[in-house]
Amino acid sequence: MAKTIEGKGKKKQVKLNTNPPKGTRDFYPEDMRQRTWLFQQWKDVAKTYGFSEYDAPVLESESLFTRKAGEEVTEQLYNFVDKGDRAVALRPEMTPSLARMVMAKKGGLNLPLKWFSIPQCWRYERMTRGRRREHFQWNMDIWGVNGVEVEAELLSAMVDFFKRVGLSAEDVGIKVNSRLVISEVLTELGIPEEKFAATCVLVDKLEKVPIDAIQDDLTELGLDRSVVEKLTTVLTNKSIESIASVLGPDSEAVQQLSKLMALCKAYGIEDWILFDASVVRGLAYYTGIVFEAFDRRGELRAIAGGGRYDKLLETFGGDPTPAAGFGFGDAVIIELLKERNILPSFAGAGIDSVVFAMNENLHDDAIAIATKLRQSGQSVDVVLEQKKTKWVFKHADRIQARFVVIVAPDEIANGEVSIKDLGCGEQTSVKIGELADWAVNNAI
């Protein structure tokens with residue numbers, strides 16, 4: 001395709017840029033097979049844990065995402081004013097849309113609810129390995145339950161997925177912490193509660209930038225640099241026991257984390273879970289337990305993350321509602337599976353049989369035979385134009401079909417077809433009336 005530019009009586013053809021917009025992807029058939037496989041793994045886990053699927057528009061009101069806490073997500077919006085003069089944005093995450101949907105029912109939903117989705121999310125951010133400007137994200141959320149039993153269930157589901165795709169606790173770990181750790185430290189330091197969320201967002205940035213880079217933000221919040229330095233000292237703790245020595249054994253954060261660890265042991269996932277006080281997560285709405293799955297070799301960015309966000313509905317004017325969930329992107333996990341050399345091949349299209357007629361007069365017979373095989377559950381590719389036998393076998397090999405069904409004059413006269421097994425090279429004759437049985441007997 002090309003567009004035409006006119007000037008000085010001449011028409012100049014401008015060649016179409018065939019690349020997708022920067023940071024986005026095309027999904028060719030092999031890519032789609034990979035994506036479908038990954039999505040199905042996610043859906044199977046969600047179904048196993050009793051979750052129901054939902055969806056929402058990719059285009060939302062901009063105000064749904066513009067919280068005043070200095071979050072990166074607010075700064076990375078794909079936003080614009082539409083033709084109706086409405087400020088809208090492509091969703092950068094799904095949780096606010098979920099909150100909107102829950103509020104829209106005005107208490108009409110039965111709690112607890114366990115919902116999942118696999119939305120495409122958009123963020124205009126710097127691209128690195130495993131990070132694009134669009135990605136698909138598996139979201140699992142539970143609303144209406146206060147206790148850390150929710151977080152333990154979500155962590156178990158995450159581990160279940162890792163196991164299904166061939167990863168072990170030696171490959172992946174999940175760091176857990178509680179925002180209450182920070183809240184209790186900030187309270188000790190005399191920082192007012194209304195500054196807690198924004199402080200957490202700043203602390204999360206310290207994993208990527210030095211403290212000098214956020215000095216202006218600290219000043220704007222009215223925080224002394226020493227407050228963040230004291231806080232980061234506390235956040236270097238890697239054991240609940242060491243945090244307990246700072247916060248005291250009666251600390252709500254310590255009790256919460258201890259109970260979560262006990263529940264993880266009950267689920268049999270304790271080898272995957274470790275306490276790390278430095279995990280804060282960059283979204284202001286988190287209120288309790290937060291967690292982050294990571295590559296133990298340290299070669300990739302965070303694989304997934306989530307936590308508790310009991311006050312999110314309140315920020316939109318709704319009633320306080322306990323909730324927790326996680327987001328799990330498609331890009332990093334694929335990179336990790338490639339790194340470990342355990343990503344399946346998606347080169348084959350999943351075709352069982354290629355059916356072709358030896359001459360044009362047999363095409364109707366080929367269609368009838370293909371129809372029988374399809375009705376018996378096979379995936380069948382009919383050769384729709386006259387091709388030489390050599391081409392047909394090359395084509396079947398290229399799409400990794402399992403069989404070639406040859407519709408030839410002599411065989412049709414005898415009420416049968418020739419079928420070649422491309423795996424072993426054996427060729428047999430099968431009666432047309434017995435094709436359904438043959439298809440069943442050769443099902444994978």
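Predicted model: local features only at pLDDT ≥ 70, side-chain atom pairs only at ≥ 80, totals over all residues.

**Entry 1: β15 and its partner.** I started at Val355, which stands opposite Val382 in β16. The two strands, β15 and β16, pair in the parallel sense over three bridges.

Next I asked how covered β15 is. Five of its five residues are buried.

Entry 2: I traced the strand order and got β16-β15-β17-β18-β19, an open sheet of five strands with mixed pairing. Which strands stand at the edges? They are β16 (380-382) and β19 (427-431); each has a single partner strand, so one side of each is left without a neighbour in the sheet. From one strand to the next, the twist averages 25 degrees.

Then I looked at β17 (residues 403-407) and β18 (residues 416-421), which run antiparallel and are joined by four bridges.

Helix α14 (residues 389-398) lies across β15 (353-357), β16, β17 and β18, and it runs at about 165 degrees to β15.

Entry 3: In the loop between α14 and β17 I came to Gln400. Its phi is positive, about 60 degrees, although Gln400 is not a glycine. I flagged it because most residues other than glycine have a negative phi. Gln400 is partly exposed, with a relative accessible area of 45%.

**Entry 4: α5, a covered helix.** I moved on to α5, where eight of ten residues are buried. I listed them: Arg179, Leu180, Val181, Ile182, Ser183, Glu184, Val185 and Leu186. What do the buried residues of α5 pack against? I found β10 (172-178), α6, α8, α9, α10 and β12 (289-295).

**Entry 5: α5 against α10.** The axes of helix α5 (residues 179-188) and helix α10 (residues 252-267) come within 8 Å, crossing at roughly 165 degrees. The two helices are therefore roughly antiparallel to each other. I noted the crossing as left-handed. On the α5 side, Leu180, Val181 and Glu184 meet Glu252, Ala253, Gln256 and Leu257 in α10. By class, that contact has four nonpolar, one polar and two charged residues.

**Entry 6: α5 against α6.** Here the axes of α5 and helix α6 (residues 196-205) come within 10 Å and cross at roughly 115 degrees. That makes α5 and α6 roughly perpendicular to each other. This crossing is right-handed. I wrote down the contact residues: Arg179, Ile182, Ser183, Leu186 and Thr187 in α5, and Phe196, Thr199 and Cys200 in α6. They divide into four nonpolar, three polar and one charged.

**Entry 7: α9.** I went back for α9, one of the elements that the buried residues of α5 pack against. In helix α9 (residues 240-247), I found Ile240, Ser242, Ile243, Ala244 and Leu247 buried. Their cover includes α5, α8 (225-234), α10 and β11 (273-275). After α9 comes Gly248, with a positive phi near 95 degrees.

**Entry 8: the three-stranded sheet.** I then looked up an open sheet in the order β4-β6-β5, with antiparallel pairing. Its edge strands are β4 (59-61) and β5 (78-81), each pairing on one side only. Ignoring direction, neighbouring strands are turned by 35 degrees against each other on average. Four bridges join β5 to strand β6 (residues 87-90). For Tyr78, I found Leu90 as the bridge partner in β6.

Entry 9: Last stop. Which bond is cis? The peptide bond joining Leu111 and Pro112 is, with omega about 0 degrees. Most peptide bonds are trans. Pro112 sits in the loop between α3 (95-104) and β7 (113-117).

Lys106 is also found in the loop between α3 and β7. Its phi is positive, about 50 degrees, although Lys106 is not a glycine. Is Lys106 buried or exposed? At 77% relative accessibility, I count Lys106 as exposed.

Note on methods. Residues numbered from 1 in each chain as written. Heavy atoms only, no water. Pairing = 2+ DSSP bridges. Axes fitted to C-alpha atoms, helices over the stretch in contact; angles between N-to-C directions. Contact = heavy atoms within 4.5 Å. Parallel < 35°, antiparallel > 145°, perpendicular 65-115°, else oblique. Left-handed = near helix turned anticlockwise from the far one by under 90°. Nonpolar A, V, L, I, M, F, W, Y, C, P; charged D, E, K, R; others polar. Buried < 20%, exposed > 50% of the residue type's maximum accessible area, 1.4 Å probe, protein only.
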